[in-house]
Amino acid sequence: DELVKECLQEGTKLVQAVADNLFNLPSTEDVDGPLVKLPPPTTKLPREKHLPKPKPPTKWEEFAKKKGIKNRKKDKVVWDEQTGTWKRRFGYDRVNDDKDIPIIEAKMTDEPGEDPFAKRQDDKKKRVEKQEKNRLQNLKQAAKLGALPSHVQLAATALPITGTQAPPKKVTKDELGNVAGMAATSTASGGKFDRKLPEEKPAKKQGKHRKFLPVVEGSGIGSREKEQTENVLNKLISKHSHEILNVDKAVTMYNVKKEKKGRNRKNQEGRSSSTSNKLKPKKQLHKKGAKKGPGSSKKGKA
Amino acid sequence: MMKIKTPMKGRVKRELDKRAPKLVETGKKTLILQGTKTSGTLNCVLSEIYHLKKGGAVRYTRKNDNIRPFESGGETSLEFFSLKTDCSIFVYGSHSKKRPNNLVIGRMYDHHVYDLIGVGVENFKSIESFSYDKKIAPRVGSKPFIAFIGEGFENVDELKHLKEVLLDLLRGEVVENINLAGLDRAYICTAISSNKVYLTHCALRLKKSGTVVPRMELVEVGPSMDLVVRRHRLPNEGLRKEAMKTAKDQPKKKVKNVSSDAIQGTIGKIYIPDQKVGEMALPNKAKGVKRERRE
């Protein structure tokens, strides 16, 4: 507590000294109080962002400087001789609009089949495209020097080498992780000792993906190879078909087919399908056998 | 094939321009956040720092497990947050048995970590524990007086670093003109030992005195705490030199042909080349040179 008091005393002295210098600076009177212009700072503190680089002059600016062309301020409204009013220089009701021209006289250099109005529009489009191209080149030059204006971003829309205009496919985070894992496993040590980036997660499934049976194994009922082949054969011959048959699935399949048939009959009333009728009962028998349950099928097939 | 992307709305463009690097910088924004575990005192400390810097601070209240400022890999989250919120100073609080009530104050250059200093907080007294006349309470955003007492701030490396960081943190907005009626706060930092600093925040009371300069009186108002410097990381030399560059540092280009005279002031000489009068072109075009009239 004594310490606190001493600190405050020392602090008061220091603050008083600074305030002395401050109040003695030339001040201007303001609404709230005297305003003082501070002297430049003496302690150097680091910046938070890099110094902005000056913009390189654009192609036009260089040309204008060389030729001595000065920029002239233009008015928003211009006197239109034709109508005798003040019209806008650009925009809705402008002075030299392309659509206001009633007649274009033919010149000796014109071809007979050409539409001069369309030609004027095409020319304007070409001029606009050329301007956009020049603007892009200026921005690219600025970006190369690191002085791109802060609100502009240059985005690549397509790969420069390939000829197709398809947009690049967006890869998801999981896909990238999978691909990275695949690349890692193709290294000599299977990707175990690769230096990982700070936030990279470990590979999802490590080790072998398939399990093969050992070559030499003891025989007996427990032998795995015998089991494997037995499973396959049973599925083929449907030995224990009551276990294999999915009764619910069979029932639903049958019901769905019946519904479809009913709908078809409604839609195609005129059509006669004698051959299909003949086939149908047989199918129904087969399905009915399945529907009745495991007991019946055993009788039929065993 | 490149496409130019410009923002469609003026508001977005203005925001982007605000975040662009400037020639002369105004104050840095502060990001206040927490680690895996925080204690009660640490929570108070962080919220009070946020109050002190209300105008230019962002407070994150969730805990962040993956931020470890002093390790090389644990800074990516911090840099991402700094980019998103445009903050260049951060205050990260965490509490563990090895380092109780730990505050890491760090700065960024171009949204990458520039330097760090880790301090421990002891003997924290919050704003509520001080009783004072509410009328003299300092207003939000006023420029403070910052005083450093003790030779430790000149000699000891860590304390020098702490001084710089505290200056940056407590500075507020950088202005050229200041209104003398609005001076109402002061931060006093005293070096108690070679690694302990007593920081307190006081309100100023200006009393009438005979001259133009009023008499200052300090009243302890705000939080006061003991900061124990635990570890710190200084920036590497190249980065430091780059960050300290200012706009005025550009070498003054020698202006040629200008000299100053005591009597006449600044004088320069104009050199005119030889005028070859006989070979100059006439302004009025000769009749034969003009464009022929159309039929």
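The model is a predicted one. Chain A brings 48 residues to the contact and chain B brings 65 residues, and the area buried between the two chains is about 5400 Å², with 65% of that area coming from carbon and sulfur atoms. Between chain A and chain B there are three salt bridges, while a search of the whole structure, over all chains, finds 25 salt bridges.

**Extent and make-up of the interface**

- The size of an interface is often expressed as the accessible area that is lost when the parts come together.
- For chain A and chain B this buried area is about 5400 Å², and on the side of chain A the residues that lose the most area to chain B are Phe23(A), Arg47(A) and Glu48(A), which together account for 15% of what that side buries.
- Polar contacts between chain A and chain B amount to 19 residue pairs, counted where both residues have pLDDT 80 or more.
- Four elements of chain A, namely helix H1 (2–23), strand E2 (34–37), helix H3 (116–144) and strand E5 (153–156), each supply at least two residues of the side that touches chain B.
- Among the contributors to that side of chain A, H1(A) gives the largest share, with 15 residues.
- By residue class, the side of chain A that touches chain B consists of 26 nonpolar, ten polar and twelve charged residues.

**Strand pairing across the chains**

- Strand E5(A) is joined by four bridges to strand E1 (residues 2–5) of chain B, and the two strands run antiparallel.
- Within this pairing, Ala156(A) stands opposite Met2(B), a residue of E1(B).

**Salt bridges between chain A and chain B**

- The side chains of Asp86(B) and Lys49(A) form a salt bridge with an N to O distance of 2.8 Å.
- Asp86(B) lies in the loop between helix H3 (76–85) and strand E4 (89–94) of chain B, and Lys49(A) in the loop between E2 and helix H2 (59–67) of chain A, so this pair joins two chains.
- Both partners fall under the 20% limit for a buried residue, because Asp86(B) has a relative accessibility of 12% and Lys49(A) has a relative accessible area of 7%.
- A further salt bridge brings together the side chains of Glu176(B) and Lys37(A), with an N to O distance of 3.8 Å.

**Salt bridges within a chain**

- In chain A, Lys119(A) forms a salt bridge with Asp123(A), and the closest N and O atoms of the pair are 4.0 Å apart.
- Lys119(A) and Asp123(A) both belong to helix H3 of chain A, where they are four residues apart, about one turn of the helix.
- Lys119(A) is partly exposed at a relative accessible area of 37%, and Asp123(A) is likewise partly exposed, at 33%.
- A network of salt bridges links Lys28(B), Arg107(B), Asp115(B), Glu164(B), Asp168(B) and Arg171(B).

Key. Residues numbered from 1 in each chain as written. Chains lettered and ligands numbered in written order. Predicted model: local features only at pLDDT ≥ 70, side-chain atom pairs only at ≥ 80, totals over all residues. Heavy atoms only, no water. Contact = heavy atoms within 4.5 Å. Buried area = accessible area lost by both parts, 1.4 Å probe. Polar contact = N/O pair within 3.5 Å; in protein donor to acceptor, adjacent residues only side chain to side chain. Nonpolar A, V, L, I, M, F, W, Y, C, P; charged D, E, K, R; others polar. Pairing = 2+ DSSP bridges. Buried < 20%, exposed > 50% of the residue type's maximum accessible area, 1.4 Å probe, protein only.
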